[in-house]
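User: I would like to learn how to read a few features of a structure, starting with pockets. Could you walk me through them?

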Amino acid sequence: MARFARLTVLNTMIEVGLVPVFHHGDIDTARSIVDALSRGGARTIEFTNRGDHAFEVFSELERHCSEQHPQVILGVGSVVDEVTAGMYINLGANFVVGPILDRRVAEMCNRRKVAYSPGCASPTEIALAHELGCEIVKVFPGGLVGGPAFVKSVLAPCPWALLMPTGGVDVTEESLAAWFDAGVPCVGIGSKLVGQDLVEGGDWGTLEQRTADVIAAISSFR
């Protein structure tokens, strides 16, 4: 069961502006990543459903968050079907993110009052996501569907849309400024933030500082 109410999750995504995205199959490494992200100021973190036994790692990671980082809102990403969504919700996922829009996932999440951010790449998909009750819609892959210009173009006729680009967002001030100037409330950042080199080297201090720098930059653009 989710530890956080859906409104709390959505408001925190917007307040902080950053949703780090990562996956790792080793629970000790995953804990270290979350520790560093949390120290850097991240409040919503997406663990992607990739690889064998990912749900087992997520289960342990949610326990770790509830005990060591009770302010951290852990969610699951890369969800494409309602069975997987339900399984992770039962393990404590506070939000669900997917690379695609799936009606049955939306229905499952609505039934359990869990935020769902589906991946959309067109105004029609975004509108359908709104009809299905999705508040923050993931624009994916953000860089390939048109980048910040795509967001700005969608918001012109649909200013009520809350769009979270993932894929194509870098940790540089130039990249972040372009997206937030276009009107996004938050961004998802994966390997550009949780770099493989940092993880393999156990450089948690750099990951913490990079996270803090991104959050500070986002705050300055608002």
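Analyst: Happy to. Helices (H or I, at least four residues) and strands (E, at least two) are DSSP runs, numbered from the N terminus. On a 1 Å grid over the protein atoms alone, a pocket is an open set of points where a 1.4 Å probe fits, with protein on both sides within 12 Å along at least five of seven lines; lining residues have an atom within 4 Å of a point. This is a predicted model, in which local features need pLDDT of at least 70 and side-chain atom pairs count only at pLDDT 80 or more, while totals for chains, interfaces and linings use all residues. Residues are numbered from 1 along each chain as its sequence is written, and side-chain values use heavy atoms, with hydrogens and water left out.

User: Which element gives the largest share of the lining of the largest pocket?

Analyst: Helix α9 does, with 3 residues. Elements giving two or more residues to this lining are β1 (18–22), β2, β9 (187–189) and α9 (196–201). The lining has 26 residues, and Val21, Phe22, Arg50, Gly190 and Ser191 lie nearest the pocket centre.

User: What is the class make-up of that lining?

Analyst: Ala, Val, Leu, Ile, Met, Phe, Trp, Tyr, Cys and Pro count as nonpolar, Asp, Glu, Lys and Arg as charged, and the others, Gly among them, as polar. Here that gives 9 nonpolar, 12 polar and 5 charged residues.

User: Let's turn to β2. Are its residues buried or exposed?

Analyst: Buried means under 20% relative accessible area, exposed over 50%, and partly exposed in between (1.4 Å probe, protein chains only). In β2, 5 of the 5 residues are buried, so the strand is largely enclosed by the rest of the structure. For contrast in reading, Gln71 is partly exposed, with a relative accessible area of 30%; Gln71 sits in the loop between α3 and β3 (73–77).

User: Which way do the side chains of β2 point?

Analyst: In a regular strand the side chains alternate between the two faces of the sheet. From β2, Thr44, Glu46 and Thr48 point one way and Ile45 and Phe47 the other way.

User: How many bridges join β1 to β2?

Analyst: Two strands pair if DSSP finds at least two bridges between them. There are 2 bridges joining β1 to β2, and these strands run parallel. Phe22 stands opposite Phe47 in β2.

User: How many aromatic pairs does the structure hold?

Analyst: Rings of Phe, Tyr and Trp (its six-membered ring) pair if their centres lie within 6.5 Å; planes under 30 degrees apart count as stacked, over 60 as edge-to-face and the rest as tilted. The structure holds 3 such pairs. Phe47 and Phe58 have ring centres 6.3 Å apart and planes at 50 degrees, so this pair is tilted. The pair links distant parts of the chain, with Phe47 in strand β2 (residues 44–48) and Phe58 in helix α3 (residues 54–68), 11 residues apart.

User: What kind of pair do Phe58 and Tyr88 form?

Analyst: Edge-to-face, at 5.1 Å centre to centre and 85 degrees between the planes. Again distant parts of the chain are linked: Phe58 in helix α3 and Tyr88 in helix α4 (residues 82–90), 30 residues apart. Phe58 and Tyr88 are both buried. Ring pairs link Phe22, Phe47, Phe58 and Tyr88 into a cluster.
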